[in-house]
Amino acid sequence: SSVENPHHDHHPATHDDPAADHDATAHHHAAADHDQAADDAAQHADAHGSAAHRSPEHTGRAAQDRFVGIGLSTRGIGTRGVGTRGVGTCSVGAGHLRPLGFDQLMTAAAGTSLVLGGIGSGKTTALEAVRKTLRANGTTMLARVPRAGEAPDAAIVIDDAQLLSPAELDALTELAGDPARTVVVSAEPLAHERALNALTTTLSRQHPPIQLAPMTPREIHEALVRAGVPGGQVPGLIAGTGGIPLLVYSALSALASGGDPVRAASVALSERLRRLDEHLLDTLLLCSLSPELGPDDIAAALQLPGDAAAVLMDRARASGLLSASLHPRFIDTLHRCLTRLVGAARHRETESRLLRSQIESATLSTELALKLAEHGTVDDLLAADLIHRAASAEPRQAARLYRAAARAGTAPADVH
């Protein structure tokens, strides 16, 4: 049997308020079209056994029954510090998500809530839970920033607010400051976007933001039990998915239907990465080689102004895909997915520019040099650098450095 995935990164249109749904900005229409295209591609892959099975009713009753509800009532979200006006601030651990889920928290008549999380963390699922509650209460909703004087009693529920323009964010911030308005927003936790920071500060005044985290081993085990899959798969799922809910549930679907969970998670990750722009893909590619790289390194490697590189680093970190808490094998999976997406030629060119800039600035670390060589970078400068490091290394490390130098050199390396 297949497993419903309540966490796939989808932005479904709501149908409670036709005026709101059909009068959204072109930006939101484009995002919805893109998401639908990604879902169509995933469903095509599913038909060939390469990705998680997805039901058209994935946000409906079947998904709720299978996974103990959608949104923050689902155990796999991993929230911290949940709070909403009228309920008070509560620290809600995974074990309390069902009795005190997001649906229950949103029964308040008015208030503001902020949901923060990276790619595939469950932001959309959390907001669907909010919409479900508001819909049950007969509340009019807008999925975009209203025009001046429009629908003053409507609840504003906006996903991925980091994609809004500065003007839209400023308008939303003003609305969020009105205690009579219900404003619920999800966003990636960007640190250096002025307008977004102003919004998140305003939304956080009533209650702490809801921080979506990767699933814990216990949460993954319980998801396996609910899906009827043996619990011994937990270590492999953590390594293959990083605990990211979107990828965990894709892998679970594959396991439940006899498929390859690692391949399913990789397909789901690639589909999500495909939506990112070229420079962000390059930044993630380089940062997946070394956690020590910063904006100056990215600027030099990608030949970009420092300000542009700082924005890219902020976006890369906010994605949640570079967290130090993620399993090293997941970072390797991320790098492979990115390599396939950018193509072999651009992959080699980007990593070569990183190597040259690191050597020129004398900032190349041993681990990054080894990673570059072991990932296929062929450059005599890299080979010479590795040989030089091997001369003063302890025997086991020296052997690894010499092997890497042999792979990196265009001519036989002198290892004597």
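Q: Among contacts between residues at least 6 apart in sequence, how many join residues at least 24 apart?
A: In this predicted model, 69% of those contacts join residues at least 24 apart.

Q: What does the secondary structure come to?
A: The chain has 19 helices and eight strands.

Q: And how many of the residues count as buried?
A: The figure is 55% of the 416 residues.

Q: OK, the nonpolar core. Which residues touch the most other members of the largest one?
A: Leu273 and Leu386 do. That core holds 65 residues.

Q: Which helix gives the most to this core?
A: Helix α10, residues 245-256, with eight residues.

Q: What about Cys287, buried or exposed?
A: Cys287 is also buried, at 8% relative accessible area.

Q: How many disulfides are there?
A: The count is zero. The rule asks for a pair of cysteine sulfur atoms within 2.5 Å.

Q: Let's go back to α10. Which alanine has its place there, Ala254 or Ala265?
A: Ala254 has its place in helix α10.

Q: Is Ala254 buried or exposed?
A: Buried, because its relative accessibility is 5%, against a cut-off of under 20%.

Q: What does Ala254 contact, leaving aside neighbours within four places in sequence?
A: Gly259, Asp260, Pro261 and Ala264.

Q: And where is Ala265 relative to Ala254?
A: Ala265 is 11 residues from Ala254 in sequence. In space, their C-alpha atoms are 8.8 Å apart.

Q: New topic, helix packing. What is the angle between α8 and α9?
A: About 115°. Helix α8 spans residues 217-227, and helix α9 spans residues 234-241. Their axes are 10 Å apart.

Q: Parallel or perpendicular?
A: Roughly perpendicular. The range for that label runs from 65 to 115 degrees, so α8 and α9 get it.

Q: Right-handed or left-handed crossing?
A: Helix α8 passes α9 in a right-handed crossing.

Q: Which residues make the contact?
A: From α8, the contact uses Pro217, Ile220, His221 and Leu224. From α9, it uses Val234, Leu237 and Ile238.

Q: Now backbone angles. What is phi of Ala151?
A: Near 40°, a positive value in a residue other than glycine.

Q: Why mention that?
A: Most residues other than glycine have a negative phi.

Q: Where is Ala151 found?
A: In the loop between β5 (141-142) and β6 (155-158). Ala151 is partly exposed, with a relative accessible area of 29%.

Q: What about Gln303, what is its phi?
A: Phi of Gln303 is near 55°, again a positive value in a residue other than glycine.

Q: Where is Gln303 found?
A: In the loop between α13 (295-302) and α14 (306-318).

Q: Buried or exposed there, Gln303?
A: Exposed, because its relative accessibility is 62% and exposed means over 50%.

Note on methods:
Residues are numbered from 1 along each chain as its sequence is written. This is a predicted model: local features need pLDDT of at least 70, side-chain atom pairs count only at pLDDT 80 or more; totals for chains, interfaces and linings use all residues. Side-chain values use heavy atoms; hydrogens and water are left out. Buried means under 20% relative accessible area, exposed over 50%, partly exposed in between (1.4 Å probe, protein chains only). A nonpolar core is a set of buried Ala, Val, Leu, Ile, Met, Phe, Trp, Tyr and Cys residues joined through side-chain atoms within 4.5 Å. Helices (H or I, at least four residues) and strands (E, at least two) are DSSP runs, numbered from the N terminus. Axes are lines fitted to C-alpha atoms, for helices over the stretch in contact, and angles run from 0 to 180 degrees between N-to-C directions. Angles under 35 degrees count as roughly parallel, over 145 as roughly antiparallel, 65 to 115 as roughly perpendicular and the rest as oblique. A crossing is left-handed if the near helix is turned anticlockwise from the far one by less than a right angle, and right-handed if clockwise. Contact means heavy atoms within 4.5 Å.
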